[in-house]
Each structure stands twice: as structure tokens, then as C-alpha cells.
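Hello,

Here is the structure I promised to pass on to you. Have a look at it first, and then read my notes below.

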Amino acid sequence: MTTAIHWFRKGLRLHDNPALLQAAKEAQQVYPVFMLDPHFANPAKVGQLRYAFLLETLSDLDTQLKGIGSRLYVVQGNPAERFPELFREWSVSLLTFETDTEPYAKKRDQEVCKIAETCGVTVAQHASHTLHNLDRYEAKAGASPLPKSYGPFLKLFDSLGAVPQCVETVTVDIMPQDGSAVPAGEHTVPSLDTTPYPPLANPLLYPGGETAALARMQLHLARKQWIAKFEKPKTSPNSLEPSTTVLSPYLKFGCLSSRLFYHKLAEIYKASPGHAKPPVSLHGQLLWREFFYMCGHTVPHFDRMEGNPICRQVPWDSNAQLLAAWEESRTGYPFIDAIMTQLRTEGWIHHLARHAVACFLTRGDLWQSWEAGAVVFDKYLLDADWSVNTANWMWLSCSSFFYQYFRCYSPVAFGKKTDPTGAYIRKYLPQLKNYPDKYIYEPWLAPKAVQEKAGCVVGCDYPKPIVDHKQVSKDNMDRMKAAYAAQAAGSDDDAADTPKKKKPAPKRKPAVKTQGIEAAFKRAKK
DNA sequence: GGGGCTGTTGTACGT
DNA sequence: CACGTACAACAGCCC
């Protein structure tokens with residue numbers, strides 16, 4: 001008799017779950033386990049909304065497993081500490097789990113594999129979180145370096161051949177009936193009020209779980225035209241209802257298989273001549289994720305500036321007041337403050353809204369480190385995904401992948417394109433809701449009488465702008481230029497033995513400035 | 001091996 | 001107002 005533990009971490013689903021499938025097929029008794037690792041149950045690190053999302057996901061998983069004669073075993077504690085006793089108590093001989101390529105997980109899993117070996121437990125890992133096993137990119141590239149931009153990545157991706165088909169969903173016919181002696185009331189999914197988190201003020205806008213994930217995917221897939229024509233840059237960062245799919249939280253936790261979504265999209269594309277293509281299409285979005293996962297898997301110190309070989313070294317400031325003002329919606333720029341309010345209260349903001357606030361915090365206005373911004377996003381986002389979040393912060397701060405630092409989002413002009421009347425600002429910053437359209441993006445320009453009539457005086461009921469965007473964005477471009485030049489000079493020194501191309505003379509005098517001192521998606525739009 | 005070309009998920013400002 | 005253009009860069013590829 002084989003007894004297996006299937007260890008859920010990401011991959012919180014029954015469909016396209018090869019590791020769970022193996023356990024179900026090979027063992028006569030399967031314990032589906034989720035470990036509530038105290039590393040994550042930390043309100044400073046994982047926000048309340050994402051923790052609630054996780055617990056909802058676990059509840060859904062438990063319900064689904066019960067539907068096929070099994071159940072979920074939630075175990076509190078550190079995996080390396082808890083596994084030995086579980087192996088012993090349950091006489092386990094097989095441990096299955098989905099491969100995780102993030103640094104914390106790699107280290108944790110290595111440790112657990114060692115423990116399993118000591119306990120005589122066979123370990124089986126399956127890569128099913130990304131479209132391909134990430135190791136295949138390295139293997140295919142061979143001696144040549146892995147791509148650092150999207151186009152070349154696409155070529156590499158294509159060279160790997162077709163995306164693997166999904167494996168069969170684990171059903172009642174496959175899953176052994178649970179014959180364990182563990183009482184039903186033990187190892188249950190905790191409710192939020194037994195955790196370090198306060199109860200939810202409102203139900204999650206995007207409920208956790210595989211069931212919700214598949215329902216959301218199906219609702220979008222039904223809009224074939226919309227799917228086929230989808231181009232990310234043409235969607236709106238500040239619509240009142242999300243202009244994109246909001247499948248990202250489900251992909252992050254693996255409630256939805258990226259391969260399943262990929263193949264469902266391919267079916268629609270096949271029947272839609274002239275469909276959108278990467279990088280802007282929905283396939284393109286999955287490929288951005290894939291690209292960034294590959295980078296996170298292969299680049300050392302990926303989530304830091306120092307010691308990260310693909311990251312520009314920029315002398316960011318470290319100003320706790322500015323960072324807090326940005327995080328807490330006190331910059332005095334309504335577009336920025338509204339976005340940060342949506343982030344904190346709903347756990348999801350549009351991709352381009354992320355661009356706007358990330359640019360503002362880093363190279364655009366406040367000159368704070370992208371690492372500090374990434375930590376804030378990582379706390380609040382339901383879809384906080386280590387590789388994707390890190391990569392996008394480097395992108396927006398012109399630290400890697402993207403370098404056109406003179407292309408700077410305006411905290412005033414950018415939002416106006418898709419929301420000229422400021423409806424989005426009025427929703428998330430109700431103190432400004434009575435401002436005339438003319439001043440909603442720049443309330444400090446409104447005459448005093450207008451401010452009083454709107455019931456919101458700038459400097460009293462709403463902050464004055466913490467920086468003058470026109471001025472600081474110009475200054476910061478000079479600082480970026482200086483940082484790029486300094487690094488180019490530095491790398492020339494490093495490689496003094498190999499002759500290098502001379503830096504072209506700057507067209508303008510390098511400004512020697514201050515040195516180094518950052519539910520609701522039911523209907524398509526009419 | 002270097003020089004040149006292209007593409008790249010923007011904005012402000014001119015006509 | 002729509003459109004064209006310049007603006008402080010880079011990776012990857014071609015020749």
C-alpha cells in the first residue's frame with residue numbers, strides 16, 4: 001500500500017495538476033496537504049486581502065476534494081519542521097508537489113527533499129505553473145545567454161515547440177477515497193478571525209478559488225471577439241469596471257492553469273483571422289509572465305538592485321515620508337492617490353495604473369528605490385507574483401528591460417486620455433467628488449472659491465502636490481542620464497583589457513545635479 | 001567585430 | 001481635435 005502526500009503550495013487546483021494526478025494514480029491513500037507557513041502569515045508582508053483570498057482558495061479546494069471523496073489537510077507551521085512527523089504518523093512513502101522556481105521556495109523545497117530522503121519518502125515534482133518547464137529555456141539556449149528582451153524571448157519560446165497539453169482533471173474515478181483516521185475537525189481551513197488578520201470589511205471583489213477562476217475564465221472566453229481583438233495597451237487603467245480579465249490573482253496561485261488558459265485562447269484565435277498577437281494580445285500577456293518567470297528563475301539577486309547583473313545601478317533616495325505618502329494616497333496628485341486607494345482597498349489595479357504609480361515613485365517624481373515600491377505592491381496585490389512584480393518594477397524604473405527614461409508618465413495628463421471627467425478619481429477619492437472636471441486632476445489650480453464650493457480645500461481637506469511634477473521629472477531625467485553614464489564608464493573600467501566602443505558624446509551638457517541623494521466584470525462595455 | 005538598423009506597452013508640443 | 005514629431009536608450013540582429 002502506497003500512502004502519498006500531495007503538497008499544495010501554488011497550483012491550488014484539481015485541473016491540469018500533474019503532481020496531484022500522480023499521487024492519485026499511484027497511491028491508495030492520498031493526503032492533500034497545505035502548510036500555512038508562518039513565513040507568509042505576516043500582515044507586514046502579505047496583506048489582509050491576499051491572505052483572505054488564499055483562505056477562500058483553500059476552502060474551495062477542500063470543498064472540491066470532498067466532492068471526490070477526499071479532503072484538504074491544512075497544517076500550521078514550517079514545512080521542514082512539520083513534514084517528518086507527518087511522514088511518520090501517516091506512514092507516507094510518496095511526496096508529490098508542483099515545482100516552484102522562486103528563491104524562497106527553492107530553498108524550502110531543497111530542505112524538504114533532503115528530509116524526505118532521510119525518511120525514505122520518494123519525491124516527485126512536476127513543472128506545471130508556467131507554460132513550459134522553465135529549465136527547458138536554459139537547456140535550449142545552451143551556451144548563449146538567455147534573452148533580456150521580449151522579442152528574442154519569443155523566438156526562444158517558439159523554438160521549444162508546442163505548449164504541453166493539460167493533464168486530465170483529478171476526478172472521483174481517479175482519486176482514492178480518503179480512508180484516514182484523522183478526525184474531520186482536525187486540519188481544517190482556518191477562518192480569517194483565527195489568524196493575525198482583522199476580519200474583512202467587505203467581501204472580496206475577486207473571490208478566491210479554482211471554481212471562481214474557471215467561472216471568470218469562461219465568462220471572458222464567451223466574448224470571442226473581445227478575446228481575439230484584445231490589445232493590452234488599448235485597455236483603460238482607470239475605468240470603473242476592470243478593462244482586462246483580472247485572471248492574474250488566479251494565475252498567481254495556480255487556481256487557473258496558465259496552460260489551460262493558453263490553449264483556450266488558441267482555440268479562439270484559430271477561428272479569428274486577424275486576431276491580436278504578442279506582445280499586446282492575451283497570449284502575449286501569458287508570455288510576459290513566462291518571460292519574467294524565466295528571468296526570475298535564472299538571474300541572480302533578481303529582486304535587488306545590488307548584485308543583480310541585469311539591473312541598472314541608480315542612486316535612489318531613501319525617504320520614508322515620501323514613500324509613506326505614496327503608499328497612503330497623500331501625494332496630492334489625485335490620479336496617483338486614487339490608484340493607490342484602489343490598490344489598498346481592492347487588491348487589484350490595472351497594468352497601466354501600476355505603470356503610472358511605479359513611474360511616479362521611482363524615476364518620474366519621488367526618486368525612491370523600485371525595491372521599496374515592489375515591497376508595497378507585494379503586500380497589497382492579490383496577484384503579487386514575485387517574478388512578475390519584480391520585473392515590472394525594474395521595467396518602470398528603467399532599471400532593466402526598458403530604458404527610455406525620457407518617456408515619463410504624467411500624473412495629470414495620462415489618466416485624462418481614458419477618463420477626462422475623472423469618474424475614477426471621484427470613486428476612490430470621494431473628498432474630491434464635487435470638483436469640476438476642469439480641476440479634478442489638478443485641484444490645486446482651482447480658485448479658492450471653487451475649492452470651497454466643492455467642499456474640499458487643497459492643503460486642508462486634500463494635500464497639496466508633494467512635488468512639482470514638471471520640475472522634478474526633468475531633474476530626474478538628468479539623474480537617470482548621469483546614472484546610466486556612470487555605469488557605462490564603470491563597466492568600461494571593469495573591462496579595460498578588452499577595448500570597448502567609446503560612449504558617444506552627450507548632446508547636452510550632463511547636468512551635474514544634486515548627486516545620488518525613488519466581481520465586477522459582468523458586462524462587456526457597450 | 002563594429003557600425004547600422006529596427007522595434008520598443010509614452011508624452012508634450014507643434015501644426 | 002487629429003495627427004506628426006522630437007525626445008536625454010537599449011538589445012538584438014544583420015551585414
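**Contacts with the DNA**

In this predicted model, an N or O atom in the side chain of Lys417 sits 2.6 Å from a phosphate oxygen of DNA strand B. Ser410 also reaches a phosphate oxygen of DNA strand B, with a side-chain N or O atom at 3.2 Å. Gln285 points to a base instead: one of its polar side-chain atoms is 3.4 Å from a base oxygen of DNA strand B.

Stepping back, you will find 15 residues around DNA strand B, and the closest are Pro279, Trp288, Tyr409, Phe414 and Lys417. Of the DNA strand B atoms that come within 4 Å of the protein, 46% belong to sugar and phosphate.

What classes of residue make up the surface near DNA strand B? There are eight nonpolar, four polar and three charged residues. Three helices each give at least two residues to this surface: H11 (282-298), H14 (351-364) and H17 (413-416).

**Inside the protein**

The largest nonpolar core is made of 146 residues, and Trp326 and Phe401 have the most contacts inside it.

Leaving out residues up to four places away in sequence, Trp326 touches Thr331, Ile336, Met340, Val357, Phe360, Leu361, Leu366, Gly373, Val376, Phe377 and Trp393.

Key:
Residues numbered from 1 in each chain as written. Chains lettered and ligands numbered in written order. Predicted model: local features only at pLDDT ≥ 70, side-chain atom pairs only at ≥ 80, totals over all residues. Heavy atoms only, no water. Core = buried A, V, L, I, M, F, W, Y, C linked by side-chain atoms within 4.5 Å. Buried < 20%, exposed > 50% of the residue type's maximum accessible area, 1.4 Å probe, protein only. Contact = heavy atoms within 4.5 Å. Near = heavy atom within 4 Å. Polar contact = N/O pair within 3.5 Å; in protein donor to acceptor, adjacent residues only side chain to side chain. Helix = DSSP H or I, 4+ residues; strand = E, 2+ residues; numbered from the N terminus. Nonpolar A, V, L, I, M, F, W, Y, C, P; charged D, E, K, R; others polar.
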